Amino acid sequence: IAASGSGRRGLPGRSGGAAARAAVESGGGVGKGRLEAFSDGVIAIIITIMVLELKAPHGESLDDLRPLLPVFLSYLLSFVYVGIYWNNHHHMLQATHKVTGAVLWANLHLLFWLSLFPFATAWMGESHFSSRPTLVYGLVLLMAAIAYFVLQSVIVAAGAQNSGLKQALGRDWKGKVSPVLYLLAIAAALWRPWVSQCIFVLVALLWLVPDRRIERHLAAREI
């Protein structure tokens, strides 16, 4: 009985140690898992709202789909952008080991701008890529890029536990070039909206190219 009781007394110690390690990995009390789950939920809702903006034509001919082509193309572009943000956000959090209150607010700031994608997407598509809606779409993309950079910086500044993220990001030339291209697209929207659309597609293709920096960093840590 004594041995059994001793065994029972040992279990809480091991459980407490595992809980302590989990607390450190999740950011010392602020759950990284909850942050990621909340963000995933918001992004899923954003995509759902965007697809609900695609209205079926009233006719049954393929010609009836032609007026909806700009709306679909706008949706496709935004879907790719949201997917890029979701993918990069996931990898960034994989390299994050400390989450603070500032990180939570920076993450909400990013989600705010992402939540404007359905509005900007619908307006640009319904207007057939006219000047002002294209300008607003570019502004939303610019602010989302800035918000992501802010979140990245806040995570790196949160503590030494996140220093690996800074090493993995390196020079981050994509993150620096993208806002400049968005600014060019915003300016071009005032006189040639199609140029803006080309720039939006260019930036999306730039980010679609696989970026293995964080994956390589995580693999090196496991070794």
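Predicted model: local features only at pLDDT ≥ 70, side-chain atom pairs only at ≥ 80, totals over all residues.
The secondary structure of the protein chain comes to 10 helices and 0 strands. Of the 223 residues in the chain, 39% are buried. As for how the chain folds back on itself, take the contacts with a separation of 6 or more: residues 24 or more positions apart account for 80% of them.

Two packed helices are described by the angle between their axes and the distance between the axes. Here the pair is helix 2, residues 32-52, and helix 4, residues 101-114, whose axes come within 10 Å and cross at roughly 5°. Angles under 35 degrees count as roughly parallel, and helix 2 and helix 4 are therefore roughly parallel to each other. On the helix 2 side, the contact is made by Leu 35, Phe 38, Ser 39, Val 42, Ile 43 and Ile 46. Helix 4 answers with Val 103, Leu 104, Asn 107, Leu 108, Leu 111 and Leu 114. Sorted by class, the residues of this contact come out as 10 nonpolar and 2 polar, with no charged ones.

Next come the gaps between the atoms. Rolling a probe the size of a water molecule over the atoms shows where empty space is left. The second largest pocket has a volume of about 240 Å³. Two helices each supply at least two residues of its lining, namely helix 3 (69-94) and helix 9 (193-208). The lining has 9 nonpolar and 2 polar residues, and no charged residues.

Trp 123 lies in helix 5, which covers residues 117-126. Is Trp 123 exposed, partly exposed or buried? Its relative accessible area is 38%; buried means under 20% and exposed over 50%, so Trp 123 is partly exposed. Leaving aside residues up to four places away in sequence, Trp 123 touches Arg 132, Pro 133 and Val 136. Tyr 137 sits 14 residues from Trp 123 along the chain, and the C-alpha atoms of the two are separated by 8.5 Å.

Key:
Residues numbered from 1 in each chain as written. Heavy atoms only, no water. 1 Å grid on protein atoms, 1.4 Å probe; cavity = no way out; pocket = protein on both sides within 12 Å on 5 of 7 lines; lining within 4 Å. Points joined across faces, edges and corners; volume = space filled by probe spheres on them. Helix = DSSP H or I, 4+ residues; strand = E, 2+ residues; numbered from the N terminus. Nonpolar A, V, L, I, M, F, W, Y, C, P; charged D, E, K, R; others polar. Axes fitted to C-alpha atoms, helices over the stretch in contact; angles between N-to-C directions. Parallel < 35°, antiparallel > 145°, perpendicular 65-115°, else oblique. Contact = heavy atoms within 4.5 Å. Buried < 20%, exposed > 50% of the residue type's maximum accessible area, 1.4 Å probe, protein only.
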